[in-house]
Amino acid sequence: MTTRIICFDTETTGFDYAKGDRIIEIGAVEILDGKITDRIFHEYINPEGKIIPPSAYSVHKLSNEFLADKPAFAKVAPKLWEFFGEDSTIVAHNGSGFDFPFINYELTQLGLPAIPSARQLDSITLATGKVFGPKNYTLDSLAKWFEVSLATRADAHGALVDAEILAKVYLEIEKTDDKESVADIIAREQKELAAARRFGANFPRREFPVPNADMAAHKNFLELNVKDAIWREDSHSAEAKS
């Protein structure tokens, strides 16, 4: 049976579709039976009057002027659904927190079906259960961990570029051995640590003798700078005599 995965990413005017923010770029990449194909989907989208704030522009470098002659989401959506197909698993990074709610809102506003939750896969959720190296699970961190190049991103995020990076990261996550859970790893390491401990006479003692030259230099320093130091043997002797 053929397994079809679609990795996609969006760029938007902001973070809140409920306040009128719009999708302004969509990029998607096809993975078929574990291999990235040359089939892609990519569209820039006119935000239809929504002004792109400087904070958003600094991330993706997409301006209202550039998008003025691009199609509205209503024209793009049917082609996007055709690319998604009927039985593919659709992957987005931080999809459950951003991309899926955003794109589903746009789709349902047009009377089109939303992406079913059963077909949604958030690569952060997938990585959290299988990858224990990065300190966080941003796409950048995972790409660096798996040595996936970020060179194509240049100085700005782009939906298609990030979808291509995500596809490569997704395949690396899928190859990661997930037989051992985080709890299993912790339990194993604690067991190994306990087995390695030695107590009492069996404890491996190590000695670090101080070279004579260092001892002499230390004694000379004390003679010059510290008078009647309580830890010196001659100080104890003097106190005992007094």
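Predicted model: local features only at pLDDT ≥ 70, side-chain atom pairs only at ≥ 80, totals over all residues.
**Exercise 1. Getting an overview**

Task: Find out how many helices and strands the protein chain has, and which element has the lowest mean pLDDT.

Solution: 
- Step 1. Start by counting elements: the protein chain holds 10 helices and 5 strands.
- Step 2. Next, look at burial. Of the 242 residues in the protein chain, 38% are buried.
- Step 3. Now turn to confidence. The average pLDDT of the protein chain is 85, and 82% of the residues reach at least 70.
- Step 4. Compare the elements. Helix H10 (residues 233-241) has the lowest mean pLDDT, 49, while strand E3 (residues 35-44) has the highest, 98.
- Step 5. Zoom in on residues 236-242: pLDDT stays under 50 there, and the model gives this stretch 2 contacts beyond four places in sequence.

**Exercise 2. Looking inside**

Task: Describe the largest nonpolar core and say which element gives the most to it.

Solution: 
- Step 1. Begin with a general idea: in soluble globular proteins, nonpolar side chains tend to be buried together.
- Step 2. In this model, the largest nonpolar core contains 23 residues. The residues with the most contacts inside this core are Cys-7, Leu-142, Val-169, Tyr-170 and Ile-173.
- Step 3. Trace the contributors. At least two residues each come from strand E1 (4-12), strand E2 (23-32), helix H5 (123-128), H6 and H7. H7 gives the most to this core, namely 9 residues.
- Step 4. Note that there is a second, separate core of 22 residues; Ile-23, Ala-28, Phe-83 and Phe-102 are among them.
- Step 5. Return to Leu-142 and list its partners. Setting aside residues up to four places away in sequence, Leu-142 touches His-93, Ala-127, Val-131, Pro-134, Tyr-137, Val-169 and Ile-173.

**Exercise 3. Positive phi values**

Task: Find where Lys-61 and Glu-147 sit, and decide how exposed Lys-61 and Glu-147 are.

Solution: 
- Step 1. Recall that most residues other than glycine have a negative phi.
- Step 2. Check Lys-61. Its phi is positive, near 60 degrees, and Lys-61 lies in the loop between helix H1 (54-60) and helix H2 (64-67).
- Step 3. Check Glu-147. Its phi is also positive and near 60 degrees, and Glu-147 lies in the loop between helix H6 (139-145) and helix H7 (159-175).
- Step 4. Lys-61 has 35% relative accessibility, so it counts as partly exposed. Glu-147 has 76%, so it counts as exposed.

**Exercise 4. A histidine in helix H1**

Task: Decide whether His-60 is buried or exposed, and list what it touches.

Solution: 
- Step 1. Use its relative accessibility of 6%. Buried means under 20%, so His-60 counts as buried.
- Step 2. List its partners beyond four places in sequence: Glu-11, Thr-12, Ile-24, Ile-52, Ala-156 and His-157.
- Step 3. Compare chain and space. His-60 and Arg-153 are 93 residues apart along the chain, and their C-alpha atoms are separated by 10.0 Å.

**Exercise 5. A residue on strand E3**

Task: Find the contacts of Arg-39 and say how exposed this residue is.

Solution: 
- Step 1. Arg-39 is part of strand E3.
- Step 2. Its relative accessibility is 41%, so Arg-39 counts as partly exposed.
- Step 3. Apart from neighbours within four places in sequence, Arg-39 contacts Arg-4, Ala-28, Val-29, Glu-30 and Phe-83.
- Step 4. Take Ala-28 from that list: Arg-39 and Ala-28 are 11 residues apart in sequence and 8.7 Å apart in space, C-alpha to C-alpha.

Definitions and conventions:
Residues numbered from 1 in each chain as written. Heavy atoms only, no water. Helix = DSSP H or I, 4+ residues; strand = E, 2+ residues; numbered from the N terminus. Buried < 20%, exposed > 50% of the residue type's maximum accessible area, 1.4 Å probe, protein only. pLDDT = per-residue confidence, 0-100. Contact = heavy atoms within 4.5 Å. Core = buried A, V, L, I, M, F, W, Y, C linked by side-chain atoms within 4.5 Å.
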